[in-house]
Amino acid sequence: MNPSRPDSDFLWGAATAAYQIEGAAAEDGRAPSIWDVFCATPGKTARGETGAIACDHYHRYREDIGLMRRLNLGAYRFSISWPRVIPSGRGTTNEAGWTFYERLVDELCAAGIRPVVTLFHWDLPAALQNELGGWAHDDLPAIFADYAAMAFARLGDRVSMWLTINEPWCVAELGHVRGCHAPGLKDPALGYRVAHNLLRAHAHAVARYRAARRGPGAISFALNTSYSFPASALAADRAAAERAIESFAGWFGDPGVFGAYPAVMRARLGSLLPEFSAEDTRLLKGSMDFIALNYYTSDLVRHVPGAGPFELEASPVPDVPRTATGWPVVPEGLHRLLHWLSGRYARLPIHIMENGAAFDDRPDKDGFVDDQDRIAYLRDHLAAIARARGEGVDVRGYFAWSLLDNLEWAEGFSKRFGLVRCDFETLRRTIKASGYWYAQAIASGGLGGAGAVRTDQQAEALE
Ligand code: GBH
């Protein structure tokens, strides 16, 4: 295999999420999600911005598919807004909502772009939060599985790649422990309970998928994790860095592959960590057909006795560029992480389902953005993937985050991740330099080439 000339079925895509782009928040029978509620609460999002209109993708999806074609995308990852298709989360379905996604899928297929569907990208129907307390409630997995089964029935003949949950870590930690994401709760114990139910929800949905599947198809959930470099060569720091990865990536990856939490979590968290029933274990084990990795950045970890259950402290990787969100740019972390995941999870195939960066884009008078910083970010991360592939890691797809500038959750519209600029006043779309670069990279086989230098240097520096 030549890693810089991937086989023709390497999947080149871009990703989005419903609440970040759709708008039309109160149209055609859509009910509010916890993100509508959170954004409407004063002080929760930057400048009080909301997804009420966002990119207006709900009305402009045909234009957006046209952009995808110009970017040479082979695949497009989007999410279904659960409260658009089942307004109360359970019970009555909303035909107009399903029709929107059926049209979207049909038009993608007609354009030769493979749809990849996420079922839950954070926008829980508000009714499920109000009536049951959301993901903390043990009935949520069964309710989610019913919704998932409906999506498989409606779209499964045209969609053969599915993700159940996007980034359970963010939902548990940012939504229920730190409170900076919806539903805005701050309770350390709740994080483990919510994560547990998200994993159970994934497993129950996968069981329904496999029971109903007719043709070929693959399902997983999207795992976000950084790589943790040891802050020094000391054995204690190396062990702490390994604990950090096991309790971040492994918190979700281990149950999805082995049906059990990592031993280090069991040992250090005790009764804080819920137990899987025998049935949950059976359903979870082997429930990931592939590893779906969302990668943005990495950190340095040192051993600090007594610092939390895992006795470690993380700090940003020093002496590397930062993005507009302040995240250090660490392509070498992706290279290491691909090896770590591949090694721990029996060489399951890997798809990078999100990777990208916010930078302070400066449009010219025509709205064109010459984002050389974003091009460098993408180039260096693609080079890291090419290296890992050359060393035998089975990476099969890459999805840039994001197709277009969108609502960056609590950060509002100012943090721009798009390959395409969206002017939020006029909703006009303009392909950025990075979009043209990506289209060219896809057309020429994509991986490898000039960027490899940077990641090699970083590998040495972080040694
Ligand atoms: C993803 O979240 C989301 O799936 C997507 O919707 C979002 O727009 C996109 O990424 C960009 O944020 O928090 O300083 O310790 C990724 C969230 C990013 C959370 C990296 C952890 C680590 C840096 N993760 N972050 S920090």
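**Close-up 1. Helices H14 and H15 packed against each other.** In this predicted model, helix H14 covers residues 331-344 and its packing partner, helix H15, covers residues 372-390. Angles under 35 degrees count as roughly parallel, so H14 ends up roughly parallel to H15. As for handedness, H14 passes H15 in a right-handed crossing.

**Close-up 2. The shell of residues around the ligand.** How many residues surround the ligand? There are 15, and the closest are Gln20, His121, Glu167, Glu408 and Trp409.

**Close-up 3. Ligand oxygens facing side-chain N or O atoms.** Zoom in on Glu408, one of the closest residues to the ligand. An N or O atom in the Glu408 side chain lies 2.6 Å from an oxygen atom of the ligand. For Tyr296, the distance between a side-chain N or O atom and a ligand oxygen is 3.0 Å. With Trp327, a ligand oxygen and an N or O atom of the side chain are 3.5 Å apart. How much of the ligand does the protein bury? On its own the ligand would expose 580 Å², and the protein buries 78% of that.

Close-up 4. Going from Ala182 to Pro183, the peptide bond is cis, with omega near 5 degrees. Pro183 itself is found in a loop, with helix H8 (168-176) on one side and helix H9 (188-212) on the other.

Close-up 5. The bond to look for here runs from Trp401 to Ser402; it is cis, and its omega is near 15 degrees. Where does Ser402 sit? Its place is in the loop that links strand S11 (395-401) and strand S12 (420-422).

**Close-up 6. A positive phi at Asp28.** Asp28 isn't a glycine, yet its phi is positive, at about 50 degrees. This residue belongs to the loop between helix H1 (18-21) and helix H2 (34-39).

Conventions
Residues numbered from 1 in each chain as written. Predicted model: local features only at pLDDT ≥ 70, side-chain atom pairs only at ≥ 80, totals over all residues. Heavy atoms only, no water. Near = heavy atom within 4 Å. Polar contact = N/O pair within 3.5 Å; in protein donor to acceptor, adjacent residues only side chain to side chain. Areas by Shrake-Rupley, 256 points an atom, 1.4 Å probe, with all protein chains shown as cover. Axes fitted to C-alpha atoms, helices over the stretch in contact; angles between N-to-C directions. Helix = DSSP H or I, 4+ residues; strand = E, 2+ residues; numbered from the N terminus. Parallel < 35°, antiparallel > 145°, perpendicular 65-115°, else oblique. Left-handed = near helix turned anticlockwise from the far one by under 90°.
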